[in-house]
Amino acid sequence: MDITRRDFTKIGCKIIISAASGTAIVESMFTKGIAAENPPEGYDWEKHFWGYVVDTRKCIGCGMCASACKMENEVPFDEEVYRTWIERYRVKKTINETREEEVEIDSPDGGIEGFEDDIPAEEIKKAFYVPKICNHCDNAPCVQVCPVGATYTTKDGVVLVDYEYCIGCRYCIQGCPYGARYFNTEKGTADKCTWCYHRITKGLLPACVQACPTGARKFGDLKDNTSEVKKIMDEERITLLKPDLGTKPKVFYIGLDREVR
Amino acid sequence: MQPHLKRAFTILALIIIAFIFVRSLVVPESFGQYGWYRGDSVKELRNLTVNYAGSISCGEENCHENIYTVWVKDRHKTVNCETCHSPAQKHVLNAREPLTPADDSRDYCGKCHFKRISRPETFPQIDPEAHGEDLRCVYCHNPHKPWFD
């Protein structure tokens, strides 16, 4: 029996359609049970959208935030990995012929033990601290590059890592323009700030915000018009880190210098 | 239909069925529940242990009410209890669970209050060389009520 082009197409189409519908039926059989259940019990993630404010004018570089973060989230204490850290910027007085500023940027042990003045004060024009943390970008590069779907943005705007699914390939660590991710050698996965997701979903503040003695770090709900963060967003002049990358960060800075990268 | 085509189609169908079967075994149930990720991981991350209980839990139920009322009125009220007294959730759940004693050394106070060029000028700072003769700060200043009045 000869097969015509028409017959071949007919049979082919039939097989493809039946395979597709078979997949759909099997899928629906397996996913029916959980699809109806709404996520995190007692907490509706549709009602919140979190944001973070850093007021660099208030930071005193004490390092309480960075050590509180390590204790709350069991980040390896003796390794040089941080979910949040403090950078010190010191702009020197020496101006060369091109009028370029000479800037010293450092963050010894993430700022956990504070900072020593190791450059004489006479040489410094201005100096300040900049706390850094994951920006929980709306358009996060780290989420795009993950090959296994182990990192994702929740509906309340937090970028999280699935530690069971992560294969430890480190693409996300490379992809983050803010250097906010690190490799957790204990878990064998990539790791990052979660804005203390286990705390904020229970109505607590992230550990770093709670530990900050000067109120340089603020955390709140952008969907709540009475929250402090929302008010700052509406009234203050805020800056983002690397806005030109189009990552749409949700950490908003007040009082950033042009030298801050 | 020609037999060799029949065979090819049968094999193709078997491969598709095998793929569907293996996929249903390998992909976790909650994958794709909310997006292209494992839905259960949101729950797992929500259920991690809390270590910092928050200052309010220190002052309630006649536990540390006295010191709490002193602290909450004074200027160190922005420094939460656990910032110096270490994370206390275990202690809140079980009072027998001891806390790490607060560090009352001069250097610990200095983490915030030693003069540093990078600190905001309005923040209270001392020159450790000139102030206090190397005594522990708590000798004169009560950390819960640091200002003389």
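1. Two strands count as paired here if DSSP finds at least two bridges between them. With that in hand, look at β1 (residues 50-55) of chain A in this predicted model: β1 and β10(A) run parallel and share 4 bridges. A:V54, for one, has A:Y253 in β10(A) as its bridge partner.

2. Now the whole sheet. It's an open one of 3 strands in chain A, ordered β9-β1-β10, with mixed pairing. β9 (217-221) and β10 (251-254) sit at the edges, each pairing on one side only. On average, neighbouring strands are turned by 20° against each other, direction ignored.

3. What packs on this sheet? Helix α7 (residues 228-235) of chain A does, touching β1, β9 and β10. The direction of α7 makes about 100° with that of β9(A).

4. On to the largest nonpolar core, which has 65 residues. Those touching the most other members are A:Y52, A:C65, A:A68, A:V159, A:W195 and A:C208. Have a look at chain B here too: domain 2 (49-101) and domain 3 (103-149) of that chain each put at least three residues into this core.

5. Leaving aside residues up to four places away in sequence, A:C208 touches A:C65, A:A68, A:C69, A:T84 and A:R217.

6. Finally, the chain contact: 51 residues of chain A meet 42 of chain B. On the chain A side, elements giving at least two residues each include α2 (64-73), β2 (84-92), β4 (124-133) and α6 (207-211). α1(A) supplies the largest share, 8 residues. By type, the chain A side splits into 29 nonpolar, 13 polar and 9 charged residues.

Notes:
Residues are numbered from 1 along each chain as its sequence is written. Chains are lettered from A and ligands numbered from 1 in the order in which they are written. This is a predicted model: local features need pLDDT of at least 70, side-chain atom pairs count only at pLDDT 80 or more; totals for chains, interfaces and linings use all residues. A nonpolar core is a set of buried Ala, Val, Leu, Ile, Met, Phe, Trp, Tyr and Cys residues joined through C-beta atoms within 7 Å. A residue is buried if 20 or more other C-beta atoms lie within 10 Å of its own, exposed if 12 or fewer, and partly exposed in between; C-beta atoms are placed from the backbone. Domain bounds come from an automatic or database domain assignment. Two residues are in contact if their C-beta atoms, placed from the backbone, lie within 7 Å. Axes are lines fitted to C-alpha atoms, for helices over the stretch in contact, and angles run from 0 to 180 degrees between N-to-C directions. Ala, Val, Leu, Ile, Met, Phe, Trp, Tyr, Cys and Pro count as nonpolar, Asp, Glu, Lys and Arg as charged, and the others, Gly among them, as polar.
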